[in-house]
Each structure stands twice: as C-alpha cells, then as structure tokens.
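Please find below a short note on the model under review.

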Amino acid sequence: MNNSEINLKKIEERLSELEQKVRMQDARTAISDLMGRYVFYYSAGAGERIVDELWTKSEDASLEYGASARYENLWKIKTFYFKDPVPGKLNTLALSSPMLSVSDDETRAHGLWTAFGTETDAGDLGGSMPGEFDGRRVLLSSHTEDGRSYRAEILLQKYDVMFIHEEGAWKILHLHVGEFFRCPYDRDWVLYAKERFETDGMWLESLFEAPMEFPPVAHGENLPSGSSTWHWQYTMDAIPELFPKLLPGDEKKI
Amino acid sequence: MIFKSFYQVYIGTNSVRGSKGIYTVHVDADTLEPEIVSTAQNFNTGSLTLSTDDGRLYAAVEGMTFDGYADGGVRSYRTHENGILEVLNGQRANGQRTCCVAVDDTLKYAYACNFYRGSFSVYDLEADGRLKPARLVIEPPADARWKALHCIGQIDGEYIGVISLAECAFIVYRADTGERVTSYEFPDQPFPRCFEVSGKYIYVMMQSPDDIYVFENCLRENRQIRLVQKISVMGEDYQGMCATSMLRVTDDGHLLLAAHRPTNSLTVFRIGDGGLLEQSCVAKLPGETPRDFNISRDGKIMVAAMQKSNEICILRVDEEKAALIGSGTKIHIPSPASVAISRRISIE
C-alpha cells in the first residue's frame with residue numbers, strides 16, 4: 001500500500017467515524033424531538049396521538065408509573081393515555097436536558113430526563129363537579145375555606161425511557177416515570193409526604209382507568225403485569241438513592 | 001337486663017365508588033338489622049382477620065403502594081364496642097397486593113401473603129397487638145413462571161399453610177424457621193383459591209374448577225398431609241362457569257360453607273366423621289358476587305360481602321338443618337371485599 005492509498009484509507013475511516021457521529025447526533029436530535037412532542041401532546045390532553053405517533057407498535061412495550069408496577073402490552077399502555085376530556089382537568093409536563101445514549105448498532109437508545117409536572121382538576125370549582133362517590137373526589141387535595149375541593153398538585157419526577165428504531169423512526173419501547181415527590185401547590189412536599197399515603201393507591205389506579213373496552217384476556221380488570229422494578233419517593237425517612245440503577249450508556253459497559 | 005345484643009361486623013372494601021375503607025356494622029342479634037356505626041380509612045382491604053379475643057383487627061392493604069414504598073402491607077387496629085377502630089400501626093408486606101392476612105390463636109404472630117412477587121411475611125406481635133417488622137420473608141422458587149400467592153393461615157400453631165399459584169400447590173412451612181415441610185401439587189393445573197383448618201382437617205378450595213380437597217393433618221406424626229376427599233362445590237351436575245371465592249367452617253366444626261360467585265350462592269356442607277364433606281344445600285344469596293363471607297363464632301349468622309351489588313347481606317345459619325334460613329337483611333356498602341365478625345356482644 002503506497003502513501004496515497006494509506007492516506008485514502010485514513011480519510012475513509014475518518015469519514016466513517018464522522019458519519020457515525022452525525023448519525024448518533026441525528027438520533028439524539030430525533031429522540032429529543034420525540035420527547036418534545038410527547039410533552040406537547042401530553043400537556044394538550046392528546047394521549048391518543050402519543051400512542052399512535054410516539055410509541056412502538058411492538059407488544060413488548062411497557063409503562064411503569066411510580067409504584068404502579070409494570071403495565072405490559074399495547075392495550076394496557078393505551079389505558080394510561082386514552083382519557084375522556086373533563087372540563088377543568090389539565091396535566092402538564094416539562095423536561096430537562098437528557099442524559100442520552102444510543103447503542104452502537106443504532107437500534108436502541110436510552111434516555112433519562114428530570115421532569116416537572118402539574119396535575120389539575122377544578123373539582124367543585126369547575127364545570128364538571130364530581131359526584132359524592134366519583135373516584136375523582138378522593139384525589140382533590142386542596143380545599144377552599146367554604147369546603148369546596150379541587151386538585152392543583154406539583155410533581156418532580158424522572159423519565160427513564162428506552163427507545164427502539166422502528167420503520168426508520170425512533171419510538172418509545174419502555175417508559176418508567178420515577179418520582180421525587182408530589183404535593184398540592186399550597187402545601188409542601190415534606191408536610192404532604194405522609195398524607196399522600198392515603199391516596200397514593202387510588203391515584204395510581206386512576207392513572208390506568210380508561211373509557212375503552214378491555215380485551216377478553218383482561219377479564220374486565222386492568223392489573224399490572226408484575227411487580228414494580230424500582231420505586232423511590234420522598235418520605236421523611238427516605239435517603240436518596242441512585243435510581244434507576246442502569247444509566248444511559250451503562251448498557252455498553254456490561 | 002340486656003339492653004342490646006349485637007354482632008360487631010367489620011367489612012373491608014375496595015377503594016372505589018366512594019368507599020370509606022373499613023366499615024364497622026352492628027348487626028342486631030334478634031332482628032339481624034344492620035347499622036353502620038363507624039368507618040376507618042384503609043386502601044383496598046382485601047382481607048380481614050380478628051384476634052381470637054376480638055380485641056385486635058388485622059387488615060391486608062391490597063395495593064401496589066404502602067407508606068411510600070412499592071409494597072403491600074398490613075395494618076393492626078384496636079377494636080372498641082362502639083365500633084371505632086383505633087389504628088395501632090402498619091408494616092410492609094414485602095410484596096405488592098397483599099391479599100390475605102392471618103393471626104395465630106396465641107396472639108403472638110401474624111402472617112401475610114402477596115399476590116405479586118409470591119412472597120409471604122411472618123410478623124411477631126407486641127403485647128398490645130402492634131406488628132413488628134417482618135421477622136421472616138419467604139420467597140417463591142426463583143424459577144417459578146408466575147410468582148403469586150393467594151391465601152395464608154396457621155396450622156396447629158407450629159405450621160403455616162399457603163396457597164401458591166406459582167406452584168399450583170398447597171404448601172406447608174414451619175412457622176418458626178420458615179422451613180418448607182411438605183406440599184401437595186394439584187393435578188391438571190386448577191386455580192387454587194383458599195383454605196380453612198378445622199381440627200385435624202384442612203379444606204382447600206379451588207376457584208376453578210370448583211373442587212374442595214380435604215386433607216388430614218399428619219404434620220406432627222410424619223410431616224405430611226393426606227388427601228381424604230375431593231368434592232365439587234356446585235355438584236357434579238353443574239355445567240356453568242366456576243369461580244368460587246371463600247370457604248369457612250363453623251367454630252364447632254359441624255358445617256362448611258363455600259361461596260360461588262357466578263351463581264351468587266353459598267353451598268352448605270355437613271362435616272362428618274373423618275372430616276368428610278356431605279353437601280346439604282345450595283343457598284341463593286340476595287345480591288351479586290359474594291367476594292367473601294364469614295360466620296359468627298356462635299355459628300348463628302352469616303354475613304356475605306356482595307361485591308358487585310355494593311352491599312352486605314346477613315342470613316341466619318340453621319346448624320341442625322345445615323342450611324341458611326330466612327330472606328335476610330342487607331345494607332349498602334361500596335364494593336365490599338372482606339368480612340370479620342366478633343362474638344355476640346350484649347350490653348346490659
């Protein structure tokens with residue numbers, strides 16, 4: 001091999017490296033764009049578009065929210081997103097810059113975001129007052145002086161997301177929403193840490209209630225597919241821990 | 001002079017349809033008229049059990065979260081004759097959806113098992129009935145395809161029985177060490193549901209098909225249980241869907257009652273020599289979906305949690321005829337799921 005051939009080979013290798021870097025950067029941009037759309041749709045109550053446009057079509061999909069445990073299969077994931085609009089209800093979400101890694105074969109990616117969210121239900125103050133036995137009522141954690149109830153909660157969370165490259169585009173394969181805390185806007189998360197235990201279970205179950213028919217295999221129930229994989233929320237005895245244990249990029253070290 | 005005579009009934013509920021947790025109901029011993037006298041907040045009370053002195057109530061928290069952890073749990077309460085439940089404390093169950101809780105006759109130990117993860121926990125009890133953190137946590141086999149347990153209870157004070165969905169088996173452990181003593185694997189992969197112990201016999205019921213397996217307890221003799229009978233709840237001629245929920249034995253060991261949800265019925269069995277069951281009748285219940293029921297300690301009344309029709313129904317038990325009698329009484333309670341009944345209380 002003469003000098004020209006050696007130089008050409010070096011240039012080709014360098015070009016290949018740069019092309020891979022560009023593809024990785026494209027992947028990061030595409031995934032950031034995907035999560036940007038996620039936030040936009042989520043905050044607009046457009047859950048069906050999240051499932052249709054942003055989630056995989058694979059039945060390997062899974063979603064875990066706080067201590068809800070893992071909901072597997074697409075029909076269970078739809079129950080999280082498919083909701084009838086209720087006047088005065090609004091959930092919003094804002095994401096930080098991600099910790100993000102793309103697999104060497106560019107078929108998988110793993111991202112971790114810190115998220116700030118709000119959950120709102122005007123309750124007794126709104127156009128769709130819940131009845132005495134409506135499940136919404138127990139989640140109304142703020143109260144006016146004259147005894148009317150509503151929900152205006154803030155949440156600090158983390159979004160741990162696995163992506164799959166499917167039919168030329170990145171899609172969500174697994175989503176695990178972890179928690180730091182939630183509390184009513186007019187209270188703080190230390191004072192509310194214990195009080196929320198009373199409604200945590202009802203809150204988690206309400207997240208997976210949906211106005212849709214379940215498949216026969218469900219026998220009328222929408223139960224998690226197994227135990228929680230990890231969960232940490234602020235309590236007055238809790239010590240912060242590294243969750244999730246596997247950070248983006250750690251997969252390459254295993 | 002007796003002013004009032006009643007049974008204090010505790011009803012655990014699923015946390016839906018406006019439920020307020022655990023309801024205390026006074027049932028008039030003469031008229032069977034029920035009255036809700038108190039409620040205590042608790043999430044998804046899938047199982048309730050009273051201590052033998054009626055002074056403490058233990059409730060399984062059948063949820064995915066307990067005190068901020070991804071866990072189920074158990075709560076202990078001090079009971080009062082006015083119906084008020086005073087919370088003593090709660091402990092994690094080391095597995096989610098804690099579906100069954102039991103307490104031993106000596107009031108020294110409590111047990112809880114978990115539908116998810118298939119684990120169970122053994123708790124030592126303080127003198128006042130508080131639960132200490134779990135002393136023993138038993139996990140299912142690592143290679144089990146479906147890790148789930150459904151029912152737990154004490155046997156003879158020294159042993160713990162569990163219904164394992166993971167192994168489709170009834171398994172016996174030592175209560176002090178957690179050592180696995182013996183097991184019975186049910187043939188043809190039925191869905192095992194629950195069991196009761198009465199004297200020397202253990203009655204294990206399948207949810208589907210609706211069979212009851214009767215075992216003789218030979219644990220002290222040779223660490224074994226011996227199958228002596230298998231009998232259908234609805235009878236061999238029944239062709240419909242099977243989904244039993246609970247079986248109970250009267251304290252004197254004369255009758256066994258078994259609930260069947262699709263037909264809203266209770267089958268009454270006489271318990272004969274050798275613990276063998278003989279079907280007496282199938283009694284229709286006024287309501288839909290008996291999720292649980294219990295019998296008063298004197299064997300006089302039966303209270304059923306009719307989950308779908310959001311009510312409890314109360315009927316008299318006629319031990320001589322081995323039947324439920326009368327049309328009974330009812331009261332509305334949202335999604336009732338578990339029942340415990342005190343002794344008859346008389347106020348003079």
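**Helix packing, cores and chain contact**

1. In this predicted model, helix 1 of chain A and helix 2 of chain A run roughly antiparallel to each other. The reason lies in the crossing angle: the two axes cross at roughly 160°, and angles over 145 degrees count as roughly antiparallel. Helix 1 of chain A spans residues 3-43 and helix 2 of chain A residues 47-54, and their axes come within 8 Å. The crossing of these two helices is right-handed.

2. Which residues form this contact between helix 1 and helix 2 of chain A? Helix 1 of chain A contributes L34(A), R37(A), Y38(A), Y41(A) and Y42(A), and helix 2 of chain A supplies R49(A), I50(A) and L54(A). By class, the residues of this contact comprise six nonpolar, no polar and two charged.

3. The largest nonpolar core has 116 residues. Within that core, the members touching the most other members are A110(B), A112(B), I152(B), Y203(B), I212(B) and V303(B). Apart from it lies another core, of 30 residues, and L54(A), Y65(A), F80(A) and I164(A) are among its members.

4. Neighbours within four places in sequence being set aside, the contacts of I212(B) are Y203(B), V204(B), M205(B), I231(B), V233(B), L247(B), A258(B) and L277(B).

5. As to the contact of the two chains, chain A provides 19 residues and chain B provides 17 residues. On the side of chain A that touches chain B, seven residues are nonpolar, nine are polar and three are charged.

Methods:
Residues are numbered from 1 along each chain as its sequence is written. Chains are lettered from A and ligands numbered from 1 in the order in which they are written. This is a predicted model: local features need pLDDT of at least 70, side-chain atom pairs count only at pLDDT 80 or more; totals for chains, interfaces and linings use all residues. A nonpolar core is a set of buried Ala, Val, Leu, Ile, Met, Phe, Trp, Tyr and Cys residues joined through C-beta atoms within 7 Å. A residue is buried if 20 or more other C-beta atoms lie within 10 Å of its own, exposed if 12 or fewer, and partly exposed in between; C-beta atoms are placed from the backbone. Two residues are in contact if their C-beta atoms, placed from the backbone, lie within 7 Å. Axes are lines fitted to C-alpha atoms, for helices over the stretch in contact, and angles run from 0 to 180 degrees between N-to-C directions. Helices (H or I, at least four residues) and strands (E, at least two) are DSSP runs, numbered from the N terminus. Angles under 35 degrees count as roughly parallel, over 145 as roughly antiparallel, 65 to 115 as roughly perpendicular and the rest as oblique. A crossing is left-handed if the near helix is turned anticlockwise from the far one by less than a right angle, and right-handed if clockwise. Ala, Val, Leu, Ile, Met, Phe, Trp, Tyr, Cys and Pro count as nonpolar, Asp, Glu, Lys and Arg as charged, and the others, Gly among them, as polar.
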